[in-house]
Structure formats: structure tokens, C-alpha cells
Amino acid sequence: MTTQTTAPETPETPSAPSTGASSSGLFGIPAATGRALAAGGSVLTIVATFLAWTWTSEFPGDLTVYGYPGGLQVLVLIGAVLTTLLTLATYDVKALGWLVPAGGDAAVKFAALATFATAWYTVISISVELGGVVNLEPGGYVVAVTSLAALVGALALPFERPEPDPIDPDSTGWENFRHSLGQGWNTTKAAFAAESPRPVGKLPSYAEILIIVAALALGLTVFTYGIGTEYDELFVGFLILAGLGFAALNKAGLIAHVSQITARHQNITVFGAFIAAALFPFTQTDDQYATLGVYILIFATVALGLNIVVGLAGLLDLGYVAFLGVGAYAASLVSGSPNSPFHVHFPFWAAVIIGALASLVFGVLIGAPTLRLRGDYLAIVTLGFGEIFRITANNLDGTSGPDLTNGSNGVASIPNLDILGFDFGAVHDIAGFSIGRFANYFFLMLIITAVVVLVFRRSGNSRIGRAWVAIREDETAALAMGINGFRVKLIAFAVGASLAGLAGTVQAHVTYTVTPEQYLFAGPIPPNSAFLLAAVVLGGMGTIAGPLIGAALLFLIPNKLQFLGDYQLFAFGVALILLMRFRPEGLIPNRRRQLEFHEEAEAPAVLGKTGA
């Protein structure tokens, strides 16, 4: 009792132990020892990547060579170098201070985890595929030990532990177990938490532009490497390293700094992004991956159109893929296909206009009687429209209805485009590079994507765009302020539909054939309505980059995970659930939505018309 009434000791007594607890790591290792262990382990991991990990070349990537990393060894090497640099930055090395504007401890933990996970995935894969650990060479054992040592050292770095919640003495054993699990989870989250990065200082314009160029070049390199992975094990290792490595850079504050710089030069960033995308076909030796590139652009463009409806106006549309189908069918019927009942061959510019207008008309016809509905009721109606379109296109075969779409066989043999004498179906030599058919359509689709991005930016920053956001946030309040809700929502529906139809006109020529089964609500192959909506939500509603990145991931990852067979969609669904659990605002979030999901985040200094 006397110690509690002594004035000078009252603040000192609780503060001393709490400080000691807050400065400890997940392991009972002194901070200096843990930091040295992380640095030493990552350096030795770099050395281990130059050793042979297995004795036979039967494992993909040929990990049998000394002095020359290959395959998954390269990924482990990149992770170890990143861990080493971040760890040295925490030693206040002056030349590396710019790497950790938000502090380096959390970033070191993620980087060490990325290196450990990639290394151990490789070692386990070798053991499983070749029949046991006996197939490992000394380098395999070394990298397993050194990467583990680096991770243990990183997890020993100090962090501020959360205050434990009091335990109810009347709780049951199960409730106490749940309480301890919750406390452990909160402690783990705190261990990987980082401080807010310091604001980036004003740099010379040329320096900031060089940073933007470097960021875009890095993005192009990562995308090109990921899309060009030659075997399944390498792609899985790439996903592990890319995901955790991005988290490390984000915790270090580098992503926030680059975002601040790009926000100062938005036009230059957008222009540079399209230049980087245009360079993609020149990084390929054949047309194989340009095929994925053009389909990703089609998928991403349609997702960006849906983002107007869902992200800006807040209208849940579950049948949006039907507008893509309307544009594709309209263009195919006037583009010279022998299956077309009209037997006409319009130039591409006319087919584009017809496809976009047809989708716009259908958008208005469907939206006019249904947009007075809200929420789930609107979603059910749009879902019905999507199915009605597919069934109708299936029945217009001359037997169940008029002979217009050739039924389930679709409109086939759609000729390649020929614009101003440029044959999109032929191989062309540009600056010594051979550009094939799909690369030609990739460039055309890139131009259309630029048009859609321009429409999205201009409409989002306009008066109608502000009205969309007002309707999304609170339709009742928007109506009370004098906004014509029905008119505003109908415009959003029409604009989104016409943009989908625009992409559909190119899709018809890329695929040669347009069939009803390409436009399902859900299926293993995008684009379909479920994947389009997932791309918008996954990438970040209301943003430009979000749906583009989300669409690229949703198209690329299932394509590369085909080796999972029947478990492909299961693994994909689990990944989406985890992402929505831990990052519900999306990969590239609108700042306003980020504040809705994370109330503890700092409020932005300035809120724009569609977010930050």
C-alpha cells in the first residue's frame, strides 16, 4: 500500500516494465544479436545461391551448377540481397537511409520471410519431386539453415507490444484459449507493423521523373519475368517472393514515397505507364506471351468500364460481361464473317462505333426500367440480364429464333483487321524486332485502353463524376441535395456499357469466333462477370490503376496455376478470401475507402473528388 501512495514512484513503477516488454522481439534474443544474425544469415544465403542445391538436372532450372545461380536460386538471391540492404539500413548506414523512410525492422522481417519461404519451398520441392532429402547437395542444406537463421534474427528485432486484454476469471477453458489466440495474433500483427513514413522532400523535377521511370521499369521487369516463367515451380516461387517482397517495400515506406512522387506528376506517370506497356512485346522472343498480354488488356479495359458503374456510382452489376458480348457480336456481324446474315464488311472505325453504340443502347434499355432499384435487387436484375443475353444469343440460330448469331456455334471466321494497309494478322518487322499477330492486337488494345483511361479520368473529375460519388456514398442525401439520382445512374450505366462494347469489338477479331459461352456469369476462364467484379474489388474500387492490376493478376494467376487441376479454383478462392480479409480496400485503394476499413489510419491532407 505504501508504494502505491508514494508520488514519485507511481509513474516510474509501471513505465519501467512496460518499456522493457515493448522493446522485445518475438524470440528471446537481444536486439543487437538478432540484427547481426539477420544480416549474417542473409549474406550467407547470398553465398549459398552460388552453390549447387541438387545433383541432378531433373529438377527444373538446373540447380546443379556452382558459381551460377539459376531458376529458383535467382529468386532466393534477390530476396537475400533485399534483406541484406534493409538490415544494413537499420544500422543507420548513411547511404542506405533512403531505403527505410518508415523504419526498417518490419521491412526486414517481411524480406527475411520472403527469402526463407522461397528457399524452403525450393528445398521441399526438390525433396518431394526427386524422392527425398538425399537428393540435396550441400548448397541446399546451407540455404535452408542460413535463411532460417536470417528469419529468426529478423523476428528477434524489437517492436511495441500491444497491451494484453484482461482475462475474465469466469471464462471457460475454450474462451481462455480463444483469448490467448487473439492476444497472440495481435502481438504478431504488432511485430510486423511499421510506422508512418516521413513525407518525401521536394526533389528537382528531373530527379522525380527519373524515380518514376525507375519504378515503371521495375514494374515492367517484374511483370515480364512473371508472365514468362517457364515452369510451375518457378511461378509459385515468383508469387511468394513478389508478394512478400512488395510487403517489405511497403513496410519500409518506399511504396508510399513513390506514390507521393507520382501524385505530383500524374500525367507523366500515366504516359510513362503506357510507354512501359508498349515496350512489353519487344521483350518477348515470340508471340506466346503477347497472347496473354492482349487478353489481359481486354479484361482490364472491361474491368475499368465496370469500375465506373461499381467503383464510382456504387451500382452492383452482376451481368456486365453481357455488354462485352453485345459489342463483340455487333462488330462480328459487320466485319465480313461468312456466318453473318448481313454479308457486309465495314471498316474497323465503323465496327467500333457500331459495337459501342449497340452496348450503349442495351445499357440504356436495361438501365431505364431497373435503376430505380437499389442494392441486392439491382444486382439480381443485372444478373438476370446477363443470363438472358447468353440464352438469347444461343437461341438465335434459325431454329429456335431468327438466324442472327448462329446459335451455339457462334459467329466464326472473323477476318483479321486491316487498318490503312496494316494487316494485323501478319508478322511485321519493327526496328529489328518481329511483331506477330497478337502483338499487333496488343498495341491496338493499348490505344483503346488509353481511351478508356482518359474517359474514366475526365468523367471522374467532372460534375457528373462528383454526382456519382455522392450517389455511392449516400443516395438519400444526394437526392436531398438536388441530384437527379436516376439520370446520374443511367449515365454511369450507359458509359460503362459503351466502354465494354468498345473492348468487345477488338475481342471479336482477336478470338476469330464469338460464341455465347464466352459470356458466362462465372467460370474458370475470364472474362466473366464474377471475375470482372473481383478484379475491381481486388484492385481497388474507384481507382484507375486498381482494376488494371487486379485484372492482370486475375487473368495471369489462374493461367499459370493450371497444374493444380481441379484444385485451381479452390486455391484461387482461398487467396481471394485471405486478401479480402487482410486488405479489404484492395491492392491500390482509394484513400477514402482505406479510411473506412482502417479507422486508425491517418486522414489525408486533401481529399479529391474520387478519393485522395
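**Reading cavities, pockets and helix packing**

Tutor: Six nonpolar, three polar and one charged residues make up the lining of the largest cavity. Here Ala, Val, Leu, Ile, Met, Phe, Trp, Tyr, Cys and Pro count as nonpolar, Asp, Glu, Lys and Arg as charged, and the others, Gly among them, as polar. The model is predicted, so local features need pLDDT of at least 70 and side-chain atom pairs pLDDT 80 or more, while totals for chains, interfaces and linings use all residues. Residues are numbered from 1 along each chain as its sequence is written, and side-chain values use heavy atoms, without hydrogens and water.

Student: What volume does the largest cavity have?

Tutor: Rolling a probe the size of a water molecule over the atoms shows where empty space is left. On a 1 Å grid over the protein atoms alone, a cavity is a set of points where a 1.4 Å probe fits but cannot get out; a pocket is an open set with protein on both sides within 12 Å along at least five of seven lines; lining residues have an atom within 4 Å of a point. Points are joined across faces, edges and corners, and a volume is the space filled by probe spheres set on them. The structure holds one cavity of 30 Å³ or more, and the volume of the largest cavity is about 30 Å³.

Student: Which residues line the largest cavity?

Tutor: Leu318, Gly319, Val321, Leu383, Gly386, Glu387, Tyr519, Leu520, Phe521 and Ser529 do. Helix H15 gives the most to this lining, with three residues; helices (H or I, at least four residues) and strands (E, at least two) are DSSP runs, numbered from the N terminus.

Student: Is threonine 382 buried or exposed?

Tutor: Threonine 382 has a relative accessible area of 1% and is therefore buried (under 20%; exposed is over 50%, partly exposed in between, with a 1.4 Å probe and protein chains only). Threonine 382 sits in helix H15. Leaving aside neighbours within four places in sequence, threonine 382 is in contact (heavy atoms within 4.5 Å) with Leu316, Asp317, Leu318, Gly319 and Phe493.

Student: How much space lies in the second largest pocket, and which residues are closest to its centre?

Tutor: The second largest pocket holds about 370 Å³. Its lining has 18 residues, with Val326, Tyr329, Phe362, Phe389 and Leu404 closest to the centre. At least two lining residues come from each of helix H13 (321–333), helix H14 (348–370) and helix H15 (375–395). The lining has 15 nonpolar, three polar and no charged residues.

Student: At what angle do helix H8 and helix H11 pack?

Tutor: Two packed helices are described by the angle between their axes and the distance between the axes. Axes are lines fitted to C-alpha atoms, for helices over the stretch in contact, with angles from 0 to 180 degrees between N-to-C directions. Helix H8 (residues 205–227) and helix H11 (residues 266–278) pack at about 35°, with axes 10 Å apart. Ile209, Ile212, Leu216 and Leu220 of H8 make the contact with Ile268, Thr269, Gly272, Ala273 and Ala276 of H11. By class, this contact has seven nonpolar, two polar and no charged residues.

Student: Where does aspartate 92 lie?

Tutor: Aspartate 92 is in the loop between helix H4 (72–90) and helix H5 (105–130). Its phi is positive, about 60°, although aspartate 92 is not a glycine. Aspartate 92 counts as exposed because its relative accessibility is 69%.
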